[in-house]
Amino acid sequence: MTLRLVEFVVAGNEASDLLPVRSAALLRAYRARRGFWTVLDEGPVERCLALLLELQDGEWVAHHVAADAGTENGRTEDGEALAHHDGWVYVFGSHFGSKGGPLRPRRAFVARFREDDAATGTLPLAVVRNRFRLHRAVNDALVAAPVTLLPPGDRVRHRFIVETLARGTARAKSWVSRLAEDDLPLNVEAASFTPAGTVLLGLRFPVTGAGEPIMVELAGVPEMFAAGTGSRRGPEPADPGWPRAVAVYALTGVTPPGELTGFRAITPTPDGGYAAVIGSIDALGKGSVLLDDHPAGGKVTSRHVRFRLDGAVDGRVGGELVADLAPFHHVEGLAELAGRFFYVTDEDHRVALWIG
């Protein structure tokens with residue numbers, strides 16, 4: 001496949017995910033024929049939203065979008081995944097930590113906004129920080145799932161779980177009750193809503209014992225934004241409306257033998273299926289504890305794949321290869337529009353859009 005490169009500089013930052021703009025009003029406001037949302041990787045979510053736009057004359061431009069999260073300004077970090085649902089754009093935090101651990105509560109969030117609002121000024125952004133509730137729900141689902149998981153190495157378990165518990169206990173944090181020493185750290189990298197209104201969360205880690213990527217299906221994500229639910233201090237409501245995991249899937253047939261691959265992006269396709277990017281479980285050369293314990297997950301190049309959930313058997317979903325994206329190691333998002341492929345890559349201090 002021949003790819004054309006379009007480079008942007010957006011606040012000296014790098015990009016995660018690629019979500020097509022659906023708002024006609026937003027495209028008109030920028031005189032654009034098409035565009036994509038991306039989320040930048042450093043800073044709170046309200047400072048990390050950007051538009052990549054193709055103008056009517058064919059020129060591509062980037063716009064850093066000003067947003068306001070109200071009382072949640074400055075209280076999140078590491079937005080990773082974007083998804084459309086019912087007129088909203090949702091942003092999912094990684095729910096992970098730095099590459100050496102521990103887990104960071106600021107990364108355990110979901111935010112959302114209306115696309116049309118981005119056409120008229122500062123973008124209102126709703127944020128719900130879940131204080132490891134999704135971590136608990138997903139870990140419980142993984143234990144009950146009919147798929148075998150890759151056990152975490154001793155360093156992974158200690159740096160991400162044991163140290164998080166120790167820090168939370170020392171600071172008398174209520175969220176320590178939602179962590180257990182045998183938990184797996186979660187790294188959320190991809191998300192897509194299903195027609196039923198549930199969310200497929202694509203995990204970069206953990207993976208199956210055979211090194212295959214894992215998805216967890218969550219119900220109740222929009223209900224997180226109901227009045228009275230959120231990261232409020234004080235007593236919790238009797239029925240906070242937190243999401244619950246309803247299924248776990250392993251994507252089979254697309255991981256090269258002897259390697260470990262995690263999800264990097266998921267997007268729905270017009271035929272009712274999904275396209276995805278899979279790749280390394282963490283970046284090389286950045287002090288990753290995951291790769292210290294699982295080196296087979298580092299030198300993996302990215303792959304564009306497709307799958308359908310209606311073919312799942314015992315939690316296993318067969319995938320098919322669309323394109324091997326070697327030599328790229330860090331493809332962070334994809335879109336399929338009008339027979340063309342669009343990819344965004346994680347490049348040092350730039351946003352790189354590749355068009356095929």
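How many bridges join S12 to S13, and do the strands run parallel or antiparallel? S12 and S13 run antiparallel and are joined by six bridges. The model is predicted, so local features need pLDDT of at least 70 and side-chain atom pairs count only at pLDDT 80 or more, whereas totals for chains, interfaces and linings use all residues. Residues are numbered from 1 along each chain as its sequence is written, and side-chain values use heavy atoms, with hydrogens and water left out.

Helices (H or I, at least four residues) and strands (E, at least two) are DSSP runs numbered from the N terminus, and two strands pair if DSSP finds at least two bridges between them.

| Strand pair | Bridges | Residue pair |
|---|---|---|
| S12 and S13 | six | Ala190 and Gly202 |
| S13 and S14 | five | Val199 and Leu218 |
| S14 and S15 | six | Ile214 and Ala250 |

S12 and S13 form a hairpin with five residues between them, and Gly197 in the turn has a positive phi of about 90°. In strand S13 (residues 199–205), seven of its seven residues are buried; buried means under 20% relative accessible area, exposed over 50% and partly exposed in between, with a 1.4 Å probe and protein chains only.

**Side-chain contacts**

Rings of Phe, Tyr and Trp (its six-membered ring) pair if their centres lie within 6.5 Å; planes under 30 degrees apart count as stacked, over 60 as edge-to-face and the rest as tilted. By this rule the count comes to twelve aromatic pairs. The rings of Tyr90 and Phe225 have centres 5.9 Å apart and planes at 75°, so this pair is edge-to-face. Tyr90 in strand S8 (residues 88–93) and Phe225 in the loop between S14 and S15 are 135 residues apart, and both are buried. Phe36, Trp60 and Phe342 are linked into a cluster by ring pairs.

Thr269 lies in the loop between S16 and strand S17 (274–279). With 12% relative accessibility, Thr269 counts as buried. Residues up to four places away in sequence aside, Thr269 touches Tyr274, Ala275 and Glu336.

**Backbone geometry**

Most residues other than glycine have a negative phi, and most peptide bonds are trans. The peptide bond from Phe205 to Pro206 is cis, with omega near 5°, and Pro206 is in the loop between S13 and S14. Another cis peptide bond joins Ala326 and Pro327, with omega about 15°.

Ala172, which is not a glycine, has a positive phi of about 55° and counts as exposed at 69% relative accessibility. Ala338 has a positive phi near 50° and counts as exposed at 80% relative accessibility.

Definitions and conventions: Contact means heavy atoms within 4.5 Å.
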